[in-house]
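Here is a short walk through one protein model, written for someone who likes to have the picture open while reading. Take a look at the fold first, then follow along.

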Amino acid sequence: MPEPDEFRIRTARSADDEALALIDRLTWSHLHAVMPRPAPDEPFFDERHLPEDYLVAELGDRVVGYVRLVPPTSLAATAHVRQIQGLAVADEARGKGLGRALLRAAVEETRRVGARRITLRVLGHNTPARKLYESEGFVVEGILPEELLLGGEYVDDVLMGRPV
Ligand SMILES: CC(C)(COP(=O)(O)OP(=O)(O)OC[C@H]1O[C@@H](n2cnc3c(N)ncnc32)[C@H](O)[C@@H]1OP(=O)(O)O)[C@@H](O)C(=O)NCCC(=O)NCCS
């Protein structure tokens, strides 16, 4: 693990667009992505993906990872839940504890806004992410078998969650 002062987690700002779009393009694979590979000129933020919904990890002066945390639906009935809808760390910054730090920051943010549960969906074959989530107290709450067809393979959609 790096020393705490080597990286910093903060809320994203619109100026992070290029760095985050690059992370998405370079890390894209069927291990975690259910959307098509982003085009080179595709912006990261749009009207449904706003900077304030993201926490980013900075290593030195570079943005090298992010987590997106949003309510799972627009219903008042799910206002007590936050859902992780995206977590990624650039290849060159992996294995330094940044993924764990982003996940802990998302849990902390869920607590801070007064929500009581945090959930996510992870592909069944995404062992690194599943190990990370399990080690931070997330448990499997449901499995949609062969819910996704990715690169010619049927993949389970695994629902995980935990109280905060
Ligand atoms: C999952 C991901 C965010 C982890 O980021 P990271 O910064 O490398 O993770 P950390 O260094 O904080 O590692 C935390 C834990 O994750 C697990 N982990 C990370 N990489 C792993 C690997 N290659 N194999 C198995 N477990 C792994 C381990 O439990 C690790 O804890 P340990 O170091 O004590 O063994 C990163 O691999 C990534 O961006 N993957 C592609 C995107 C993705 O899959 N996102 C999740 C979508 S649901």
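The report below goes from the sheet to the core, then to the ligand, and ends with a few single residues.

This is a predicted model, in which local features need pLDDT of at least 70 and side-chain atom pairs count only at pLDDT 80 or more, while totals for chains, interfaces and linings use all residues. Residues are numbered from 1 along each chain as its sequence is written.

**The sheet**

Let us begin with the strands. An open sheet of 7 strands has the order β1-β2-β3-β4-β5-β7-β6, with mixed pairing. Helices (H or I, at least four residues) and strands (E, at least two) are DSSP runs, numbered from the N terminus, and two strands pair if DSSP finds at least two bridges between them. At the edges sit β1 (7-11) and β6 (139-150), each pairing on one side only. On average, and with direction ignored, neighbouring strands of this sheet are turned by 25° against each other. Angles here run from 0 to 180 degrees between N-to-C directions, with axes as lines fitted to C-alpha atoms, for helices over the stretch in contact.

| Strand pair | Sense | Bridges | Residues facing each other |
|---|---|---|---|
| β1 and β2 | antiparallel | 5 bridges | Phe7 and Leu59 |
| β2 and β3 | antiparallel | 6 bridges | Leu55 and Val67 |
| β3 and β4 | antiparallel | 5 bridges | Val67 and Leu87 |
| β4 and β5 | parallel | 4 bridges | Arg82 and Ile118 |
| β6 and β7 | antiparallel | 8 bridges | Leu149 and Tyr154 |

As for the helices, α1 lies across β3 and β4 and runs at about 85° to β3.

**The core**

Which residues have the most contacts inside the largest nonpolar core? They are Leu55, Ala57, Tyr66, Val67, Leu102 and Ala106, in a core of 35 residues. The elements that give two or more residues to this core are α1 (17-27), β2 (54-59), β3 (62-70), β4 (81-89), α2 (98-112), β5 (117-123), α3 (127-135) and β7 (153-163). The most comes from α2, with 6 residues. A nonpolar core is a set of buried Ala, Val, Leu, Ile, Met, Phe, Trp, Tyr and Cys residues joined through C-beta atoms within 7 Å. A residue is buried if 20 or more other C-beta atoms lie within 10 Å of its own, exposed if 12 or fewer, and partly exposed in between, with C-beta atoms placed from the backbone.

Not counting residues up to four places away in sequence, Leu55 touches a list of residues including Ile9, Tyr66, Val67, Leu102 and Ala106. Two residues are in contact if their C-beta atoms, placed from the backbone, lie within 7 Å.

**Around the ligand**

Of the 21 residues around the ligand, His32, Arg94, Gly99, Pro128 and Leu132 come nearest; a residue is near a molecule if its C-beta atom, placed from the backbone, lies within 6 Å of it. β4, α2 and α3 are the elements that give two or more residues to this shell, and α3 gives the most, with 6 residues. By class, the shell has 9 nonpolar, 8 polar and 4 charged residues. Ala, Val, Leu, Ile, Met, Phe, Trp, Tyr, Cys and Pro count as nonpolar, Asp, Glu, Lys and Arg as charged, and the others, Gly among them, as polar.

**Some single residues**

Glu146 lies in strand β6 and has a positive phi of about 50° although it is not a glycine. Glu146 counts as exposed because it has 12 C-beta neighbours inside 10 Å. β6 itself is hardly covered, with a count of 0 buried residues among its 12 residues.

Leu75 is in the loop between β3 and β4. Is Leu75 buried or exposed? Leu75 is exposed, because 9 other C-beta atoms lie within 10 Å. Leu75 and Pro40 are 35 residues apart in sequence and 34 Å apart in space, C-alpha to C-alpha.

Arg111, in helix α2, is partly exposed, with 14 other C-beta atoms within 10 Å. Arg111 and His80 are 31 residues apart in sequence and 9.9 Å apart in space, C-alpha to C-alpha.
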